[in-house]
Amino acid sequence: MKLWVLRHGEAELRANSDAERRLTAHGREQVVRSAAHLLGQPLQAIIASPYVRAQQTAALVHETLGFAEPLRTVPWLTPEADVQQVIGEIERLGLEHVLLVSHQPLVGNLVGLLQHGHLQQPAAMSTASLAELEGEWPLAGLMTLKALNAPA
């Protein structure tokens, strides 16, 4: 299995709620640069948080890649989601090549747990950072971090 985890691009500091924060122009540029790392990859699904900045990020990746499948929006990819639940949801998907678009602290905790098997070493995921993990199953400590790319 290959799993890519993408943190949303830079977002506005203020909005009516955290969920409504939108990408900045710089954030959109960051996302397009990160999406370039996915060109030619055999993605089966792009799955995103319902928050506006994650939806905008996923839509930009979808457009950049010319991805044929519709975006999937799920409630289990929000910033404070339970990492173990997310791993269970990934496993239930039954897919081999998936891109998740979400937020800190979830993305850092998820990558760290899948790689190290514990939450003491979350991955440093700045805005629009893209982690590529590979392994037989999406289980704690059983995936290898192949790359972690952060746009300038």
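**Exercise 1.** Find what share of the contacts in the chain between residues at least 6 apart in sequence joins residues at least 24 apart.

*Solution.* Begin with the term: a contact means heavy atoms within 4.5 Å. Among contacts in the chain between residues at least 6 apart in sequence, 68% join residues at least 24 apart. The model is predicted, so that local features need pLDDT of at least 70 and side-chain atom pairs count only at pLDDT 80 or more, while totals for chains, interfaces and linings use all residues. Residues are numbered from 1 along each chain as its sequence is written, and side-chain values use heavy atoms, with hydrogens and water left out.

**Exercise 2.** State how many helices and strands the chain has, and in which order they run.

*Solution.* Helices (H or I, at least four residues) and strands (E, at least two) are DSSP runs, numbered from the N terminus. The chain has four helices and six strands, and from the N terminus on they run β-α-β-α-β-α-β-α-β-β.

**Exercise 3.** Determine which residues of helix H1 (residues 25-35) are buried, and what covers them.

*Solution.* A residue is buried under 20% relative accessible area, taken with a 1.4 Å probe and protein chains only. In H1, this holds for Gly-27, Gln-30, Val-31, Ser-34 and Ala-35. Seen down the axis of H1, these buried residues fall within an arc of 135° (that of the directions from the helix axis to the C-beta atoms), so they line one face of the helix. Their cover includes strand E1 (2-7), helix H2 (52-65) and strand E5 (130-134). In the whole chain, buried residues make up 47% of the 152 residues.

Notes
Buried < 20%, exposed > 50% of the residue type's maximum accessible area, 1.4 Å probe, protein only.
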